[in-house]
Amino acid sequence: MTFNPNSAAARDIAYLVHPYTNLRAHESKGPHVITGGEGIYVTDDDGKRFIEGMAGLWCTGLGFSEGRLAKAAAEQMAKMPYMHIFAHRSTNPIIDLAEKLSELAPGKMSKVWFVNSGSEAIDSALKLIWYYQNARGKPEKKIVISRKRAYHGITLAGGHLTALAYARTGFDLPMADRFRQVTTPSHYRDGLPGESEEDFATRLAKELDDLIVAEGPENVAAFFAEPVMGAGGVIVPPKTYFPKIQAVLKKHDVLFVADEVICGFGRTGNVWGSVTYGIQPDLLTCAKQLTSAYIPMGAVLMADHVYDVLADRSHELGTLGMGYTYSGHPVAAAVALETLRIYEDDGIYQHVRDVAPRFQARLQALADEPLVGEARGVGLIGALEIVADKATRAQYPAEAKIAVKVTEALLEEGLILRPLPGDVIGICPPMIITEAEIDDLFDRLRRGFARANAALKTAA
Ligand SMILES: Cc1ncc(COP(=O)(O)O)c(C=O)c1O
């Protein structure tokens, strides 16, 4: 599609700064304006229909036309559009939502801190952890560990846990020396030749142990991890990884924060990725599918042993000096409650488990594509890692922008997917996707690869 500088879409160039966009390139290319959606499909302003194979940004679990959510929002807006939850005030939807989330929590987590995004959830978790360690009389316990390639949001705090070059370059990050990163649990990229997944996991647990010992366990506060790393390239943990990691953290009195912003609410086939991988987190961050992204909302769930320390400290200090104007917004809470009801009424968690084998089989079948080094996934999340040479796993030079080119070819086939760092193409469709639609998605992927291969041949 050629960009018409006189079109309505051109107004966007004048007024909007787009995240994750080469702003100068955008000025000549123009925006891709999406005007409508139905189920797993969206339509652009040319009337072209696409499968939204990324559920937006890994978030519209219920697709793009769930009328019950629109109704829940409208009803709550009419009844009580806003009230904050500062200083003992509250509303019914947020009380009910907190109760529901603590019922769903993996393990005993009966307290919930509400925010408006995944980044705010991470930021809040980090501040609460430092407050907690100070309150316990362990003020030296400040170092926080994440993994290379991790994505944990993009605020100033999140930007220290997120370990991707694009999130740091040019932003003066990192600014603090409290953050460390351990190896990405990518067996494909970081496993040694002939090393089993189990041995790889043992090695990574030892690396974590060694790091904590070297820093001094009395200085290490917390470890943040997504059950399946999403934006870092859909890294599925090797077998036995999390139980081994969790044992190391327990031994050294280091908190485990499970970042469930992508995995939460069914993506891996269970309500939480933590359930899929046997994690018992001390804190859990969630957002995105909490409301199926129809309205912004995030939350931090915390275990009682964490909450009790925070509560005692706030009593000593007179207040817990944190919170946002829109924390626990009643309209967002009403939408979240309705989303969680739909997941249960429509058996969405079971549906993911039912269709995942088809999704994963069609994904694995793409491993025979000349460009695909590895196909990996779990539940309804997956990825294809593009390589220049399947035998050596060598990558294309960064300037080749190979993953971007493949996703552009996919767009021609009416499929929206996302290039991720490391030449990975992420796939994360709305969880309502049917088996027939899964076939449609992967048929388009095949055709997109054929297009990309043909274009590469022509260019060579
Ligand atoms: C695992 C994870 N944590 C945190 C975030 C940040 O969430 P948000 O974009 O809502 O701030 C994201 C966003 O993609 C994420 O994938």
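Predicted model: local features only at pLDDT ≥ 70, side-chain atom pairs only at ≥ 80, totals over all residues.
Local features were considered at pLDDT of at least 70 and side-chain atom pairs only at pLDDT 80 or more, whereas totals for chains, interfaces and linings use all residues. Residues are numbered from 1 along each chain as its sequence is written, and side-chain values use heavy atoms, without hydrogens and water.

Oxygen atoms of the ligand lie 2.6 Å from a side-chain N or O atom of Ser119, 2.8 Å from a side-chain N or O atom of Lys288 and 2.8 Å from a backbone N or O atom of Gly118. Of the 390 Å² of accessible area that the ligand has on its own, the protein covers 83% (Shrake-Rupley method, 1.4 Å probe).

The second largest pocket has a volume of about 910 Å³, taken as the space filled by probe spheres set on grid points joined across faces, edges and corners. A pocket is an open set of points on a 1 Å grid over the protein atoms alone, where a 1.4 Å probe fits, with protein on both sides within 12 Å along at least five of seven lines; lining residues have an atom within 4 Å of a point. The lining comprises 26 residues, of which Ile85, Val112, Trp113, Tyr307 and Leu320 lie nearest the centre of the pocket. By class, 17 lining residues are nonpolar, seven polar and two charged.

Terms used. Polar contact = N/O pair within 3.5 Å; in protein donor to acceptor, adjacent residues only side chain to side chain. Nonpolar A, V, L, I, M, F, W, Y, C, P; charged D, E, K, R; others polar.
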